[in-house]
Amino acid sequence: MLTLDDPKWKKLIGGYRVPYDASLALKAMESGCLVWKELWNELHHQGDVDTASYAAIPQLVRIATSASVRDWNFYGLVSMIEIERHRKRNPEVPDWLLPDYESAWRQLLPIALSDLKCQLDNITIRTILSVIAISKGNMKLGAFLADLDSSELDSLVDETLDWSALYG
């Protein structure tokens, strides 16, 4: 895994297609700072992800593994990066990073399943389910869950299941 002190971070490309050193935000996260807004903005931009986004995944999983609580930001960001990496316009995960990236994704499934047992808020449940779907190889379902907001879910359920007529 690329350590947070590795100089390679300075050369990695973020979602804006410019160099972004994610190690600084990841170090701050390790110290307990909330840096989700920065990571969301810099690692993912309008569907664009790049090498800094991919390199952040193993570190995010490592940091999250030792955290007592993980919220929707963790699950939402890792699922979004994985979904967007499949767009034709985004680069592939570099060969030097691929084993750590894949290993991080294998570690995500048990973390997500464990967290699902105790989560109550809808967005965290939905983003956990997105990670579970992606981890099990169902990218389309994972993408659907990641992009769905609560009002769209309400409309979909009402229309598909005639929820209002059946349950008031």
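Reply: In this predicted model, the secondary structure of the chain amounts to nine helices and zero strands, so that the order of elements from the N terminus reads α-α-α-α-α-α-α-α-α. The chain has 168 residues, of which 45% count as buried, and its accessible surface is about 9300 Å², with 56% of that area belonging to carbon and sulfur atoms. Of the contacts between residues at least 6 apart in sequence, 65% join residues at least 24 apart.

In soluble globular proteins, nonpolar side chains tend to be buried together. Here the largest nonpolar core holds 46 residues, and Leu26, Leu39, Leu43, Leu60 and Phe74 touch the most other members. Several helices supply at least two residues each to this core, among them H1 (22–30), H2 (36–43), H3 (51–66) and H4 (72–84), while H3 gives the most, with nine residues.

Helix H2 shows how this packing is arranged. Its buried residues are Trp36, Leu39, Trp40 and Leu43, and because they fall within an arc of 100° when seen down the axis of H2, they line one face of the helix. These buried residues of H2 pack against H1, H3 and H4. Leucine 39 in particular touches Tyr20, Ala25, Leu26, Met29, His44, Leu60 and Leu77, leaving aside residues up to four places away in sequence.

Turning to the charged side chains, a search of the whole structure finds nine salt bridges. Side chains of opposite charge can pair when their charged atoms come close.

One of these salt bridges joins arginine 62 to glutamate 30, with the closest N and O atoms 2.7 Å apart. Since arginine 62 lies in helix H3 and glutamate 30 in helix H1, the pair ties together parts that are 32 residues apart in sequence. Both partners are partly exposed, arginine 62 at 31% relative accessibility and glutamate 30 at 44%.

Another salt bridge brings together the side chains of arginine 17 and aspartate 50, at 3.1 Å from N to O. This pair links distant parts of the chain, with arginine 17 in the segment before H1 and aspartate 50 in the loop between H2 and H3, 33 residues apart. Arginine 17 is partly exposed, having a relative accessible area of 32%, whereas aspartate 50, at 10% relative accessibility, counts as buried.

A further salt bridge is formed by the side chains of arginine 89 and aspartate 48, at 2.7 Å from N to O. Arginine 89 lies in the loop between H4 and H5 and aspartate 48 in the loop between H2 and H3, so the pair ties together parts that are 41 residues apart in sequence. Arginine 89 is partly exposed, with a relative accessible area of 44%, whereas aspartate 48 is buried, with a relative accessible area of 15%.

These last pairs also belong together, for Arg17, Asp48, Asp50 and Arg89 are linked in a network of salt bridges.

Definitions and conventions:
Residues numbered from 1 in each chain as written. Predicted model: local features only at pLDDT ≥ 70, side-chain atom pairs only at ≥ 80, totals over all residues. Heavy atoms only, no water. Helix = DSSP H or I, 4+ residues; strand = E, 2+ residues; numbered from the N terminus. Buried < 20%, exposed > 50% of the residue type's maximum accessible area, 1.4 Å probe, protein only. Contact = heavy atoms within 4.5 Å. Areas by Shrake-Rupley, 256 points an atom, 1.4 Å probe, with all protein chains shown as cover. Core = buried A, V, L, I, M, F, W, Y, C linked by side-chain atoms within 4.5 Å. Arc of directions from axis to C-beta. Salt bridge = Lys/Arg side-chain N within 4 Å of Asp/Glu carboxyl O.
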